[in-house]
Amino acid sequence: MNASPIPIHRMRETQAPRAPLAMREPLARARHLPGYIYNSPDILAVEHERIFKTHWLCVGREEEVARVGDYMALRIADQPIVVCRDTTDNITVLRNRCAHRGVEVAYGEGSASSFVCPYHAWSYDLSGKLTGAGFMKGAEADLSQCRLPRVRSALWRGWIYVNFSDAAQPFEEFIAPYEKPLWCYQSGQAKLADKMVVEVNTNWKFSPDNFKTIGCAFNLPGLLD
């Protein structure tokens, strides 16, 4: 989580052919991103550090976890999480890794009263607190504070957002620029009628490239500097 970003200029020096950043030119002279931006593992590592692990990310709708115990297990970049509605009727987001050996404790989506690790049967309540530790009878370890760590989360007009950074921008500051252009959709008054999941075997940037729906979601020039 705290690894230093890889200097982009070093990546460009090792890529062949090296393309100028002509996508910053006026539209009539601009070109698309260089190919290595889409297929370089180093670029992906930087995207994880500078985008997915620092920005607020939308992961679903409140009504997808409408009742106490409802949950969704997701993987955002390389981070497994579980979104659930706890016994206080609040939505909470937890890291989906057992505190013992790191095995995921929830899969897919559904409803549960607790999360149980399939490896050694450690169990957690809906808030992430450890409630049972299989095969630990007689151990002297203090497990009283053991839990699934929480992931920073926020709700906005029916949408659920998460942020993995310990120094996250306050959600209110992040969402403020979107309030004026998007309030008219009244998504807080809407409900999810149906959900279609399409898995596309391609680089994640091709979707915003083609549909141009999240062009303001990340600072691409900042990524390339």
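# Notebook: rings, charges and cysteines

I looked up Phe-115, which counts as buried because its relative accessibility is 2%. In these entries, buried means under 20% relative accessible area, exposed means over 50%, and partly exposed lies in between (1.4 Å probe, protein chains only). The structure is a predicted model, in which local features need pLDDT of at least 70, side-chain atom pairs count only at pLDDT 80 or more, and totals for chains, interfaces and linings use all residues. Residues are numbered from 1 along each chain as its sequence is written, and side-chain values use heavy atoms, with hydrogens and water left out.

**Entry: aromatic pairs**

How many aromatic pairs does a search of the whole structure find? I noted eight of them. Rings of Phe, Tyr and Trp (its six-membered ring) pair if their centres lie within 6.5 Å; planes under 30 degrees apart count as stacked, over 60 as edge-to-face and the rest as tilted.

I then examined Tyr-71 with Phe-115. Their planes stand at 90° and their ring centres are 5.6 Å apart, so I recorded the pair as edge-to-face. Tyr-71 belongs to strand β2 (residues 70–76) and Phe-115 to strand β6 (residues 115–116), so this pair ties together parts that are 44 residues apart in sequence. Helices (H or I, at least four residues) and strands (E, at least two) are DSSP runs, numbered from the N terminus. Tyr-71 also counts as buried, because its relative accessibility is 12%.

I went on to Tyr-161 and Phe-174, which form an edge-to-face pair with 6.0 Å from centre to centre and 65° between the planes. This pair links distant parts of the chain: Tyr-161 is in strand β10 (residues 159–163) and Phe-174 in helix α4 (residues 171–182), 13 residues apart. Tyr-161 is buried, since its relative accessible area is 10%, and Phe-174 is buried at 13%.

Which residues do ring pairs link into a cluster? I listed Trp-56, Tyr-161, Phe-171, Phe-174 and Tyr-178.

**Entry: Arg-61 and its partners**

I found Arg-61 over the face of Trp-159, at 4.6 Å from the ring centre. A charge sits over a ring if NZ of Lys or CZ of Arg is within 6 Å of the ring centre and within 35 degrees of the ring normal. The side chain of Arg-61 also meets that of Glu-63 in a salt bridge (3.0 Å, N to O). Both Glu-63 and Arg-61 are buried.

**Entry: salt bridges**

A salt bridge is a side-chain nitrogen of Lys or Arg within 4 Å of a carboxyl oxygen of Asp or Glu. By this rule I counted 10 salt bridges.

I looked up Asp-70 and Arg-67, whose side chains form a salt bridge at 3.8 Å, N to O. Are these two partners buried or exposed? Asp-70 is buried, because its relative accessible area is 7%, whereas Arg-67 counts as exposed at 57% relative accessibility.

Salt bridges that share partners join Glu-49, Lys-53 and Asp-78 into one network. Within it, I noted the salt bridge between Lys-53 and Glu-49, at 3.7 Å from N to O. Lys-53 is buried with a relative accessible area of 8%, and Glu-49 counts as buried at 16% relative accessibility.

**Entry: cysteines**

How many disulfides does the count come to? I recorded zero, a disulfide being a pair of cysteine sulfur atoms within 2.5 Å. Cys-98 is in no disulfide, and its nearest cysteine sulfur, that of Cys-117, is 3.9 Å away. Cys-98 is buried, with a relative accessible area of 4%. Cys-146 is likewise in no disulfide; the nearest cysteine sulfur is that of Cys-98, 7.3 Å away. Cys-146 is buried, with a relative accessible area of 15%.

**Entry: two loops**

I located Arg-150 in the loop between β8 (130–132) and β9 (152–156). Arg-150 counts as partly exposed, because its relative accessibility is 47%. The C-alpha atoms of Arg-150 and Phe-164 are separated by 9.6 Å, and the two residues are 14 residues apart along the chain.

Val-198 has its place in the loop between α4 and α5 (206–211). At 56% relative accessibility, I noted Val-198 as exposed.
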